Amino acid sequence: MDTPRRAFIYLGGLGISAGFPAPLWAMHISEGILPFHWAAFWFGIAIPFVAYGIWRLKTISKNDIAFKPLVGLMAAAIFIISCMPVPVPMAGTCSHPCGTGISGIILGPAISVLVATVALLIQALFLAHGGFSTWGANIVSMGVMGSFAGYITFKALRSARVNLAIAGFMAGLFADWATYITTSVELTSGIRGDLPFMSLFWKILIAFIPTQLPLGVLEGAMTAGVVVLLQKKRPDLLVRMKVLKPEEVAA
Amino acid sequence: MKRGAKSMDSGSKTKQCLFLCAAIILLSFSLLSPLAFSSEGKWPGVDESVIEKYAKEHGREPKQPLINTDQGGLLLFVFFFAGAVGGFVAGYYWRILMVGRAPKVSKEGQQKTI
């Protein structure tokens, strides 16, 4: 069996396997958790990023016809990854990776936000995963913070001449952790009432740690794996997306 | 011949490495899962164990989703369907992107073949 066909079957299998969980093991903020004014505030933060993502997608796809399949691949991958529950035996809980580290590196953070926005909308509408009123907050935590944290970490490490796999790993790790730190901020600000912000924030963040610490490592490994795989299979694509420099591929 | 032997060597090394990883994961699951099961009796998601727990403590309850698919086996079907479609789309685009040889990039960044 040739490699693309095998990859096709593996990815299909991965997609189907994401369909098996019966209860939800989600991390997105559920419908109704945030009060209206906070939900509206997070929508307000998310809208400019989504608009910029749409503009970037239009601009890049005008000049590069190979870009749309890449966006399609990343959108499907993020959708699958962000509803794939992973049990964490040390904590006895389940959660899922975000995938925005990978898309942030490959598509750039702006388009990654857009891709996450679409994935989160489908999950909120049809999978009872997240919520429509909390869509804005979930876009900010998973889309904006995940994508930008992954992208900035990767770029910073690559400019310091860190190995591609290690930079990918760290980008995935920080994208995951940034998502959960932001979720803690959103939740704290929404539910704290008159309580001091920091004490509740630390409580929530510490409660996330047993699950998200190992899951971040998994997300890092996954991100590194995808970046290295693409480097081997389609280095030209990574050059075009400015993930690699042409001289790095030619060397 | 040497190249073939070398690629077979690296192939078997990869298989060994994958087998080792799978064994470590299975072992850690079998060792640690009793701890997890004894503490909660199930595998709650962090939405339940963290987000909803703290929200409830502070007077915020989750509401029913706009389209409530969380009813019996319906959610299982929706997840299965979404996973299958997502997997197909990912595989389809992967095939489009990966079929054929990747063009070689010269030092100047120019593509030699498509």
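What pattern does chain A follow when it is read along the sequence? The answer is α-α-α-β-β-α-α-α-α-α-α-α, which comes to 10 helices and 2 strands. Helices here are DSSP runs of H or I with at least four residues, strands are runs of E with at least two, and both are numbered from the N terminus. Chain B follows the pattern α-α-α, with 3 helices and 0 strands. This is a predicted model, where local features need pLDDT of at least 70, side-chain atom pairs count only at pLDDT 80 or more, and totals for chains, interfaces and linings use all residues. Residues are numbered from 1 along each chain as its sequence is written, while chains are lettered from A and ligands numbered from 1 in the order in which they are written.

How far can the model be trusted? pLDDT is the predictor's confidence in each residue, from 0 to 100, and chain A averages 87, with 89% of the residues scoring at least 70. Over residues 7-25 of chain A, pLDDT stays under 50. Where pLDDT is low, the predicted coordinates should not be read in detail.

Next comes burial. A residue is called buried if 20 or more other C-beta atoms lie within 10 Å of its own, exposed if 12 or fewer do, and partly exposed in between, with C-beta atoms placed from the backbone. By that count, 57% of the 251 residues in chain A are buried, and for the 114 residues of chain B the figure is 24%. Contacts tell another part of the story: two residues are in contact if their C-beta atoms, placed from the backbone, lie within 7 Å. In chain A, 75% of the contacts with a separation of 6 or more are between residues 24 or more positions apart.

Back in chain A, Val115(A) touches, among others, Val71(A), Met74(A), Ile78(A) and Leu107(A), leaving aside residues up to four places away in sequence.

Helix 7 (residues 164-191) of chain A also holds Tyr180(A), which counts as buried because it has 27 C-beta neighbours inside 10 Å. With residues up to four places away in sequence not counted, Tyr180(A) touches Phe208(A) and Gln212(A).

Which residue marks the bend in helix 8 of chain A? It is Ile209(A), where the helix bends by about 55 degrees, and a proline, Pro210(A), follows within four residues. The bend is the angle between axes fitted to the seven residues ending there and the seven starting there. Helix 8 (residues 197-233) spans only 48 Å between its end C-alpha atoms, whereas a straight helix of 37 residues would span 54 Å. Such an expected span is 1.5 Å times one less than the number of residues. In chain B, helix 3 (residues 74-98) should span 36 Å, and its end C-alpha atoms are 35 Å apart, which agrees.

Helix 2 (residues 46-57) of chain B reaches 15 Å from its first C-alpha to its last, close to the expected 16 Å. Since 9 of its 12 residues are buried, helix 2 of chain B is largely enclosed by the rest of the structure. Its buried residues pack against strand 2 (93-95), helix 7 and helix 8 of chain A. After helix 2 of chain B comes Gly59(B), with a positive phi near 80 degrees.

Two loop residues in chain A have a positive phi without being glycine. One is Ala128(A), at about 50 degrees, in the loop between helix 5 (109-126) and helix 6. The other is Lys242(A), near 60 degrees, in the loop between helix 9 (235-240) and helix 10. Ala128(A) is buried, with 24 other C-beta atoms within 10 Å, whereas Lys242(A) is exposed, with 9.
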